[in-house]
Amino acid sequence: MQREKPGFETEKTPLNFSKGVNSDFSFPKKEKLTNKKLFEALFTEGKALKEFPIKLIYLPTHFDDGTQVKVAVVAPKKRFKTAVDRNRIKRLLREAYRLNKPLIFNNIEGNFAFIFLYLGKKTPTFNEVDTAMKKLLHAFINKESDEKID
């Protein structure tokens, strides 16, 4: 068993995000989108952004529990017949969001509901999902900041 030398940091923060108010990398239950009416409203009234293989559908809203963003992930049953494949895709989407969540929390004002919809035809790698998620979140931040200015 190796002993750690004093002064060495064993815990590393991924991707070197600036420490903000909500820069934790957790994905608690209160941030999961479970309201069926809001879920349906997202598909009917929501605005969409695409960065293949992910589509982001979002809607400005208000939450009573004080959360800023609530998220749902979707993998289509029509393209991925087995639950194993769908669950893997959803797990990858949640993990990519969880790691890039500080981008959203440190750069937006207001409350939003998100749905991340997987559009690809084959099971992705984490790197594909992560790069698409980063591009999608940056596009969302740019679009929202442009709308605030107008």
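Author: A crossover is right-handed if, with the strands pointing away from the viewer, the path from the first strand over the helix to the second runs clockwise. The structure discussed here is a predicted model.

Reader: Is the β-α-β unit made by strand 3, helix 2 and strand 4 left-handed or right-handed?

Author: The unit is built from strand 3, helix 2 (residues 83-105) and strand 4. Strand 3 covers residues 69-74, and strand 4 covers residues 111-118.

Reader: How many bridges join strand 3 to strand 4, and which residues of strand 4 are the bridge partners of V69 and V71?

Author: Strand 3 and strand 4 run parallel, and six bridges join them. Within strand 4, V69 has F112 as its bridge partner. For V71, the bridge partner in strand 4 is F114.

Reader: Do strand 2 and strand 4 run parallel or antiparallel?

Author: Eight bridges join strand 2 to strand 4. In this pairing, K55 stands opposite L117 of strand 4. The direction of the two strands is antiparallel.

Reader: Why is strand 4 described as largely enclosed by the rest of the structure?

Author: In a regular strand the side chains alternate between the two faces of the sheet. In strand 4, N111, A113, I115 and L117 point one way, while F112, F114, F116 and Y118 point the other way, and all are buried. Strand 4 is therefore largely enclosed by the rest of the structure, the number of its buried residues being eight of the eight.

Reader: Which residues of helix 1 are buried, and what is the arc within which they fall?

Author: Helix 1 (residues 36-45) has the buried residues L38, A41 and L42. Seen down the helix axis, these buried residues line one face of helix 1, because they fall within an arc of 105 degrees.

Reader: Which strands do the buried residues of helix 1 pack against, and which residue caps the N-terminal end of helix 1?

Author: The buried residues of helix 1 pack against strand 2 (54-61) and strand 4. The face turned away from that buried side carries the exposed residues K36, K37 and T44. At the N-terminal end of helix 1, a side-chain oxygen lies 3.0 Å from the backbone nitrogen of K37, and the capping residue is N35.

Key. Residues numbered from 1 in each chain as written. Predicted model: local features only at pLDDT ≥ 70, side-chain atom pairs only at ≥ 80, totals over all residues. Heavy atoms only, no water. Buried < 20%, exposed > 50% of the residue type's maximum accessible area, 1.4 Å probe, protein only. Helix = DSSP H or I, 4+ residues; strand = E, 2+ residues; numbered from the N terminus. Pairing = 2+ DSSP bridges. Arc of directions from axis to C-beta. Contact = heavy atoms within 4.5 Å. Polar contact = N/O pair within 3.5 Å; in protein donor to acceptor, adjacent residues only side chain to side chain.
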